[in-house]
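Please open the model in a viewer and keep the sequence at hand.

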Amino acid sequence: MILLAPAAASPPIEKGPEAYRTIREVADSMDLPQHVLRFWETRFPQIRPLKRAGGRRYYRPEDIERLRLIRRLLYDEGYTIKGVQKLFKEQGVQALSSAAQAHAGPSAEPAGATELAGSAKGAGVSDPASKLADDDLAALRAALAELIDAERILTQARSPGP
């Protein structure tokens, strides 16, 4: 019996920017589980991947752009699903997508709390913190003051005393 050497693995072929992507490719590129994308499809009618025989999904570039916008609003800016749905309804997906592209910068560093508020305003999106009730805002400020005091006490306790 003659055994042939296995063929060398060829590098994966890169798809063009207008190519359709499978759910696996999109989920991997966004660092999300596939079931999250399927769930978002049920909550956001703006995401409509093509479905082939057997239910296999193929996402268009516009769908991927919307998914990235949803991910940013939910994970980076702190919106709820209902909040994102409301933004889509009030401002339209195209307006939010355009604002997100204009706002996207070369830096990928995580934003702090004050930077998040500024980035939401810069993207033409209302500040999620402004939607808090006054009681909730007061409670958050009190908790922040307690944390600052606790940090001060820890710093004093760690420093060598005279």
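Begin with the largest nonpolar core, which has 23 residues; select Leu37, Trp40, Tyr59, Leu67, Ile70, Val84 and Phe88, those with the most contacts inside it. Such a core is a set of buried Ala, Val, Leu, Ile, Met, Phe, Trp, Tyr and Cys residues joined through side-chain atoms within 4.5 Å, where buried means under 20% relative accessible area with a 1.4 Å probe, protein chains only. Two or more residues each come from helices H1 (23–30), H2, H3 (61–76), H4 (81–91) and H5 (93–103), and H3 gives the most, with six. Helices here are DSSP runs of H or I, at least four residues, numbered from the N terminus.

Residues are numbered from 1 along each chain as its sequence is written, and side-chain values use heavy atoms, without hydrogens and water.

Next, select Leu67. Beyond its neighbours within four places in sequence, Leu67 is in contact (heavy atoms within 4.5 Å) with Val26, Met30, Leu37, Trp40, Ile47 and Tyr59.

Then display H3 with H4. The contact is made by Leu69, Ile70, Leu73 and Leu74 of H3 and Ile81, Val84, Leu87 and Phe88 of H4.

Finally, colour by confidence. The mean is highest in H2 (residues 34–43), at 94, and lowest in H6 (residues 113–122), at 38. Over residues 105–130, pLDDT stays under 50. Where pLDDT is low, the predicted coordinates should not be read in detail.

Definitions and conventions: Predicted model: local features only at pLDDT ≥ 70, side-chain atom pairs only at ≥ 80, totals over all residues. pLDDT = per-residue confidence, 0-100. Buried < 20%, exposed > 50% of the residue type's maximum accessible area, 1.4 Å probe, protein only.
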